[in-house]
Amino acid sequence: MSIADLRKDYSRASLSELDVAADPIVQFSTWFDEAIKAEIAEPNAMSVATVGADGKPSSRIVLLKQVDAAGFTWFTNYHSRKGREIAQHPYVALLFHWVELERQVRIEGKIEQVTASESDAYFSSRPLSSQIGAIASEQSQPVDKRETLEAQFATAETKYGTQPVRPEHWGGYRVVPEKMEFWQGRRSRLHDRVIYTRTADGAWNRQRLQP
């Protein structure tokens, strides 16, 4: 079978612009809870797309760690490629794809660093090995071999013991959404798409899009 022949007709559910919540964060939380109940592997996995100084995009998968009225929060190394690109162009696109539910959520918005206290709180909640790993890794920098990385980890483990301190270059980002689209797969590729757009006064407009 060729790649062109791979296809599936979606039929699990439908989505109406008349039935969704007025607030897209509420709608997202509903869908996210359903993804958890469906026992989807890593339902908080999302693609983060950034743009470099050269105008070229890049994307990667990270894990959502909090969602509330303020936005979508996740954590990383500020010196990584995505961190450098965010510093140059503080707008990103997020994408959740819950294959088993035949759903996608697309989010676009401005991104900002969370407070140091928020980053400290999350860092201290991580497993000790993850804390040490965040200290040891110079994320996105070249390394000659695996053994070098493991040696950096061992050095950090010896130096910081059981109470490592969060590095200043590691912390959280919050994406403040300006657009959110909910996509539900339907038969014959006539998918349901509902997009929310934030207005100047902070309210949300929603409408259906053609697939």
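Helices, of at least four residues, and strands, of at least two, are DSSP runs that are numbered from the N terminus. In this predicted model, the protein chain holds five helices and nine strands. From the N terminus on, these elements follow the order α-β-β-β-β-α-β-β-α-α-α-β-β-β. The points below treat the chain as a whole, then a pair of packed helices, and finally the aromatic rings.

**The chain as a whole**

- The C-alpha trace of the protein chain spans about 55 × 50 × 40 Å along its principal axes.
- The protein chain has 211 residues, of which 37% count as buried.
- When contacts between residues at least 6 apart in sequence are considered, 63% of them join residues at least 24 apart.

**Helix 4 and helix 5**

- Two packed helices are described by the angle between their axes and by the distance between those axes.
- Helix 4 covers residues 128-136 and helix 5 covers residues 146-160; they pack at an angle of about 115°, and their axes are 9 Å apart.
- Angles of 65 to 115 degrees count as roughly perpendicular, and helix 4 and helix 5 are therefore roughly perpendicular to each other.
- The crossing in which helix 4 passes helix 5 is right-handed.
- On the side of helix 4, the meeting residues are Ser-129, Ile-132, Gly-133, Ile-135 and Ala-136, and their counterparts in helix 5 are Gln-152, Phe-153, Ala-156, Glu-157 and Tyr-160.
- Six residues of this contact are nonpolar, three are polar and one is charged.

**Burial of helix 4**

- Gln-131, Ile-132, Ala-134, Ile-135 and Ala-136 are buried residues of helix 4.
- The cover over the buried residues of helix 4 includes helix 3, helix 5 and strand 7.

**Aromatic rings**

- A pair of aromatic rings is described by the distance of the centres and the angle of the planes.
- The whole structure contains 15 aromatic pairs.
- One of these pairs joins Phe-28 and Phe-32, which are stacked at 5.8 Å centre to centre with 20° between the planes.
- Phe-28 and Phe-32 both belong to helix 1 (residues 24-37) and lie four residues apart, about one turn of the helix; both are buried.
- Tyr-122 and Trp-170 form another stacked pair, with 6.2 Å centre to centre and 5° between the planes.
- Tyr-122 lies in helix 3 (residues 116-125) and Trp-170 in strand 7 (residues 170-184), so this pair ties together parts that are 48 residues apart in sequence.
- Tyr-122 and Trp-170 are both buried.
- Phe-28, Phe-32, Phe-72, Phe-96 and Trp-98 are linked into a cluster by ring pairs.

Methods:
Residues numbered from 1 in each chain as written. Predicted model: local features only at pLDDT ≥ 70, side-chain atom pairs only at ≥ 80, totals over all residues. Heavy atoms only, no water. Axes fitted to C-alpha atoms, helices over the stretch in contact; angles between N-to-C directions. Parallel < 35°, antiparallel > 145°, perpendicular 65-115°, else oblique. Left-handed = near helix turned anticlockwise from the far one by under 90°. Contact = heavy atoms within 4.5 Å. Nonpolar A, V, L, I, M, F, W, Y, C, P; charged D, E, K, R; others polar. Phe/Tyr/Trp six-rings, centres within 6.5 Å; stacked < 30°, edge-to-face > 60°. Buried < 20%, exposed > 50% of the residue type's maximum accessible area, 1.4 Å probe, protein only.
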